[in-house]
Amino acid sequence: MVNAPAVDLAVELGRLRLPNPILVASGTFGYAREMAGLVDLARLGGIVPKTITREPRAGNVPWRTVETAAGLLNSIGLDNDGIEAYIAHHLPYLASLGPPVITSIAGHNYDEFVAMAARLADCPGVAAIELNVSCPNVSGGVDFGADPAMCERVVRGVRAACGLPILAKLTPNVTDIAAVAVAAERGGADAISAINTCLGMAVDWRRRKPLLGNGMGGLSGPAIKPIALRCVYQVARAVRIPVVGIGGICSIDDVLEFFVAGASAVQIGTANFYNPTVSMKILDALPAALTEAGASSVRDIVGTLQLGSPSNCSKV
Ligand SMILES: Cc1cc2nc3c(=O)[nH]c(=O)nc-3n(C[C@H](O)[C@H](O)[C@H](O)COP(=O)(O)O)c2cc1C
């Protein structure tokens, strides 16, 4: 019997080491308790819980989610219990699971981002911080990710306030995402997460009303995968730090596509809602898929996209 060749699944995102490249995305996995009966949480490469803010937030008025063709539109509005409740109630559970906990934070302004990072700096169980500078559902929330100078300043401030690895999560709702990524790198980010949701709208023409209570929301799911792949590709070519791919991932083929486009790891989001065990299925399939690609580690395949003559494979 021939043994399958060993594949090294570990990845490094700057100072953050992950056991494997399959993570779950903020806002789509709760604080993990909800998924415990369905998913072997200890196997995940990392968990990014729902974004926290300094104070508790009730979020936006309903409706807050609408299904669209191949996607989901949401305007949750960062509904969360605030940083102190997170530290007291959610973090101990998350930290007990094993995978690195990448705590996602959002501030209304520079000072809030920095104060939250300083508060988390010495909290046991936080492996890294993901800066949500890209939420489309909170007024003011998107500005940091839309402006390179503001993004650089907030990353630099957070870096000075805490020694944890930093991931800057960027919005696709800009003209030049690479410029924002370069700014985040200059500010001291360890990695770039790309992308958050794409600003969108759903309309009930009979009532002449938007379907979301907030009017507009963020589109996610398979509908945005081509946009996310394009963003990852552009960012990966512009920065030296690793990129975490997010957007529409729901299969092992999607994961490999993101690796080839330049991602060193991925986060699975909307797919968790309609297929809660998707992360486990992808993890099961990952070693064989890397072997099929001729890679003995994730590193071997990252950014190997060859431009020029297009693939003659009809599958897209
Ligand atoms: C219902 C919902 C809530 C979300 N909440 C957050 C959040 O709190 N923080 C954040 O950074 N991203 C949030 N996101 C964005 C996801 O983390 C992810 O970036 C995006 O959905 C694209 O990935 P996907 O297509 O796999 O879902 C949310 C997405 C959805 C669908």
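## Aromatic pairs

Phe113 and Phe144 are both buried. In this predicted model, the two residues form an aromatic pair of the edge-to-face kind, with 5.3 Å from centre to centre and 75° between the planes. Phe113 belongs to helix α2 (residues 110–120) and Phe144 to helix α3 (residues 143–146), so the pair ties together parts that lie 31 residues apart in sequence.

The count of aromatic pairs comes to two. The other pair is made by Tyr31 and Tyr86, whose ring centres are 6.0 Å apart; the planes stand at 50°, so this pair is tilted. Tyr31 and Tyr86 are both buried.

## A charge over a ring

A further arrangement involves an aromatic ring and a charged side chain. The charged end of Arg153 sits over the ring of Tyr110, at 3.8 Å from the centre of that ring.

## The ligand and its surroundings

The ligand has 24 residues around it, and those that come nearest are Ser26, Thr51, Gly221, Gly248 and Thr270. A polar backbone atom of Ser26 is 2.7 Å from an oxygen atom of the ligand, and a backbone N or O atom of Ile195 lies 2.9 Å from an oxygen atom of the ligand.

Thr270 contributes through its side chain: a polar atom there lies 2.6 Å from an oxygen atom of the ligand. Taken alone, the ligand exposes 600 Å², and the protein buries 97% of that area.

## The chain as a whole

The chain contains nine helices and 16 strands. Among the helices are α2 (residues 110–120) and α3 (residues 143–146), which hold the two phenylalanines described above. Of the 316 residues of the chain, 55% count as buried.

Along its principal axes, the C-alpha trace of the chain spans about 60 × 55 × 40 Å. The radius of gyration of the chain is 19 Å, which agrees with the value near 20 Å that a compact globule of 316 residues would have.

Conventions: Residues numbered from 1 in each chain as written. Predicted model: local features only at pLDDT ≥ 70, side-chain atom pairs only at ≥ 80, totals over all residues. Heavy atoms only, no water. Phe/Tyr/Trp six-rings, centres within 6.5 Å; stacked < 30°, edge-to-face > 60°. Buried < 20%, exposed > 50% of the residue type's maximum accessible area, 1.4 Å probe, protein only. Helix = DSSP H or I, 4+ residues; strand = E, 2+ residues; numbered from the N terminus. Lys NZ or Arg CZ within 6 Å of the ring centre and 35° of its normal. Near = heavy atom within 4 Å. Polar contact = N/O pair within 3.5 Å; in protein donor to acceptor, adjacent residues only side chain to side chain. Areas by Shrake-Rupley, 256 points an atom, 1.4 Å probe, with all protein chains shown as cover. Rg over C-alpha atoms; globule rule 2.2 N^0.38 Å.
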